[in-house]
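Hello,

Please find the structure we talked about handed over below. My notes on it follow.

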Amino acid sequence: SAKGESDASRRFPKLKGDKAIQFSYAQFYKQMEMHPNSSAWLERAPSQRQPFHEVWFLKLTQPGEGRSLWLRFTLFVSGNGFRRIAECWAIASQRRPDKPDVTTLAMKQAYDIQLFSNEPESEIKVAECTLNDTSTQGSVVSKGRSIRWDLKFEKRSPVSFDLIPSLLRTVGIVRNSAQIVASDLLFTVTTVINGEAARWNKAPGMQGHLSGTKQGHSWVWGH
């Protein structure tokens, strides 16, 4: 956890300067045989933990029902160290049969980084929102609106891959990591959006992990 940052020296290699930045996600987890949910931020020495941005995310859709959900667990530390937060994001979209437009509800809640935990290393926790090998639970509430989820998932195949070519990282053009941890998941159980429950039945989805000193400029989600 953030409180247990002193444990990082026992869990992770000591890397300095550009080597720490360019050491790829795939190389790190392969060499250390660490869990994909392990935090790259905690891998760094305390003096190298700012600026830094790290995201664990899930995306899923329900075929035939026009529903999709995007969940994010986020760490952000500014360059001057003044802003150190953990966030939970939830973005739910719905296309109803009687309406041509897609309704989207996007929400997030920010917490002090001390409410982030990565213990055990297979589990991410931000406040009361959790993500582990087989499930995720949590809620985001703001201004009378809410998204709550209790989802279980399983892998249909073990396929994972690095989105950034190793050459770009080696020459220093890209200093972030972007990894698809699991590209073929099936989700079940429920979400409750503004009090309206929805059942997810073998909904296809995926899990990803992003980290590095820069934030993404923008994102496009396509299916």
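**Cysteines**

The count of disulfides comes to zero. The model is a predicted one. Cysteine 88 takes part in no disulfide, and the nearest cysteine sulfur to it, that of cysteine 129, is 3.1 Å away. As for accessibility, cysteine 88 counts as buried at 0% relative accessibility, and cysteine 129 is buried with a relative accessible area of 2%.

**Aromatic pairs**

A pair of aromatic rings is described by the distance of the centres and the angle of the planes. How many aromatic pairs does the structure hold? There are two.

One is formed by tryptophan 56 and phenylalanine 116, with 5.8 Å from centre to centre and 25 degrees between the planes. This pair is stacked, because planes under 30 degrees apart count as such. It links distant parts of the chain: tryptophan 56 belongs to strand β1 (residues 52-62) and phenylalanine 116 to strand β5 (residues 116-117), 60 residues apart. Tryptophan 56 and phenylalanine 116 are both buried.

The other pair is phenylalanine 153 with phenylalanine 187. Their ring centres are 5.2 Å apart and their planes stand at 45 degrees, so the pair is tilted. Here too distant parts of the chain are linked, with phenylalanine 153 in strand β9 (residues 145-155) and phenylalanine 187 in strand β11 (residues 177-193), 34 residues apart. Phenylalanine 153 and phenylalanine 187 are buried.

**Charges over rings**

Two arginines are worth looking up in the viewer, arginine 67 and arginine 72. Arginine 67 lies over the face of tryptophan 200, 4.6 Å from the ring centre. Arginine 72 has its charged end over the ring of tryptophan 89, at 4.4 Å from the centre of that ring.

**The largest pocket**

The largest pocket holds about 320 Å³ of space. It is lined by 18 residues, and those closest to its centre are Ala92, Gln94, Arg96, Ile193 and Glu196. By class, the lining is made up of seven nonpolar, seven polar and four charged residues.

Which strands each supply at least two residues of this lining? They are β2 (67-77), β3 (84-95), β4 (102-112), β11 and β12 (196-212). Strand β12 gives the most to the lining of the largest pocket, with four residues.

**Backbone points**

Most residues other than glycine have a negative phi, and most peptide bonds are trans. A few places in this model depart from that.

The peptide bond that joins glutamate 119 and proline 120 is cis, with an omega of about -5 degrees. Proline 120 is placed in the loop between β5 and β6 (124-126).

Valine 189 is not a glycine, yet has a positive phi of about 90 degrees. It is found in strand β11. Is valine 189 buried or exposed? Its relative accessibility is 18%, and it counts as buried because the limit is under 20%.

Asparagine 194 also has a positive phi, of about 50 degrees, although it is not a glycine. Its place is in the loop between β11 and β12. Asparagine 194 counts as partly exposed, at 44% relative accessibility.

**Contacts across the sequence**

Valine 55 is buried, with a relative accessible area of 0%.

Threonine 61 is in strand β1 too. Threonine 61 and methionine 206 are separated by 145 residues in sequence and by 9.8 Å in space, again C-alpha to C-alpha. At 18% relative accessibility, threonine 61 counts as buried.

Best regards

Terms used: Residues numbered from 1 in each chain as written. Predicted model: local features only at pLDDT ≥ 70, side-chain atom pairs only at ≥ 80, totals over all residues. Heavy atoms only, no water. Phe/Tyr/Trp six-rings, centres within 6.5 Å; stacked < 30°, edge-to-face > 60°. Buried < 20%, exposed > 50% of the residue type's maximum accessible area, 1.4 Å probe, protein only. Lys NZ or Arg CZ within 6 Å of the ring centre and 35° of its normal. 1 Å grid on protein atoms, 1.4 Å probe; cavity = no way out; pocket = protein on both sides within 12 Å on 5 of 7 lines; lining within 4 Å. Points joined across faces, edges and corners; volume = space filled by probe spheres on them. Nonpolar A, V, L, I, M, F, W, Y, C, P; charged D, E, K, R; others polar. Disulfide = S-S within 2.5 Å.
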